[in-house]
Amino acid sequence: MKKLTKEGYINGILKLFYIMAKNRLRIPKEFELLGHTIIIEWNDNLEFDEEAYGLAECIKNKIILQKPNKQYGVTQVEETFLHEVIHLIFDNTSHRKESKNEILVDIIASLIHQMLISAKYTKENDLIMKIKSKK
Ligand SMILES: [Zn+2]
């Protein structure tokens, strides 16, 4: 019988959470924000090179994200993505002071993440949206 290591055990739990979570946030390759096209770049070593899991480069219209790994799970990637989006929103709307408030940025990102991940939909919701988008 193969002995289960601590890392293997943690990895197994992470995989289980991933399967259990029905709603995942799809991280796009790009999106529009205030007339800017924001590009998302993935990096293998951001956590070591920059000591950060994400970077928002306002002038370059770019978000750089650390790829998920054994220690850094998918939920954290999703929250980091939203965290960097909040930075860009503040930076692009002349709210530099708010953008420097990491706790405020984190609270907003976490709450938006919670709302999106816990959202429940029915077929009726989809139908309503289809009818409205046909206008
Ligand atoms: Zn930040």
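Which residues touch the most other members of the largest nonpolar core? In this predicted model, the answer is Ile63, Leu65, Phe81, Leu82, Val85 and Ile86, among the 16 residues of that core. A nonpolar core is here a set of buried Ala, Val, Leu, Ile, Met, Phe, Trp, Tyr and Cys residues joined through C-beta atoms within 7 Å. Buried residues have 20 or more other C-beta atoms within 10 Å of their own; exposed residues have 12 or fewer, and partly exposed residues fall in between, with C-beta atoms placed from the backbone.

The model is predicted, and local features need pLDDT of at least 70, side-chain atom pairs count only at pLDDT 80 or more, and totals for chains, interfaces and linings use all residues. Residues are numbered from 1 along each chain as its sequence is written.

The protein has six helices and four strands. Helices (H or I, at least four residues) and strands (E, at least two) are DSSP runs, numbered from the N terminus. Along the sequence the pattern is α-β-β-α-β-β-α-α-α-α. The protein has 135 residues, of which 19% count as buried. Two residues are in contact if their C-beta atoms, placed from the backbone, lie within 7 Å. Among contacts between residues at least 6 apart in sequence, 48% join residues at least 24 apart.

The four strands form an open sheet with the order E1-E2-E4-E3 and mixed pairing. Two strands pair if DSSP finds at least two bridges between them. Strand E1 (30-33) and E3 are the edge strands, and each pairs on one side only. From one strand to the next, the twist averages 20 degrees. Strands of a sheet pair through backbone hydrogen bonds, either parallel or antiparallel.

E3 and strand E4 (residues 62-66) run antiparallel and are joined by four bridges. Leu55 stands opposite Ile64 in E4. Gly54 has Leu65 in E4 as its bridge partner. Side chains alternate along E3. Gly54 and Ala56 point to one face and are buried.

H3 has 19 residues and reaches 27 Å from its first C-alpha to its last. That is close to the 27 Å expected at 1.5 Å a residue, where the expected span is 1.5 Å times one less than the number of residues.

H3 gives the most, with seven residues. In soluble globular proteins, nonpolar side chains tend to be buried together. Phe81 is in contact with Ile27, Gly54, Ile63 and Leu65, leaving aside its neighbours within four places in sequence.

Leu88 is also found in helix H3. Leu88 counts as buried because 21 C-beta neighbours lie inside 10 Å. Residues up to four places away in sequence aside, Leu88 touches Leu33, Ile38, Ala56 and Cys58. Leu88 and Ile63 are 25 residues apart along the chain, and their C-alpha atoms are separated by 8.8 Å.

Lys29 sits in the loop between helix H1 (6-20) and E1. Lys29 is exposed because it has 8 C-beta neighbours inside 10 Å. The C-alpha atoms of Lys29 and Ile40 are separated by 5.2 Å, with the two residues 11 apart along the chain.

Glu51 is placed in the loop between helix H2 (46-49) and strand E3 (54-57). With 7 C-beta neighbours inside 10 Å, Glu51 is therefore exposed. Its phi is positive, near 50 degrees. Most residues other than glycine have a negative phi. Just after H3, Ser94 takes a positive phi of about 55 degrees.

Technical notes:
Axes are lines fitted to C-alpha atoms, for helices over the stretch in contact, and angles run from 0 to 180 degrees between N-to-C directions.
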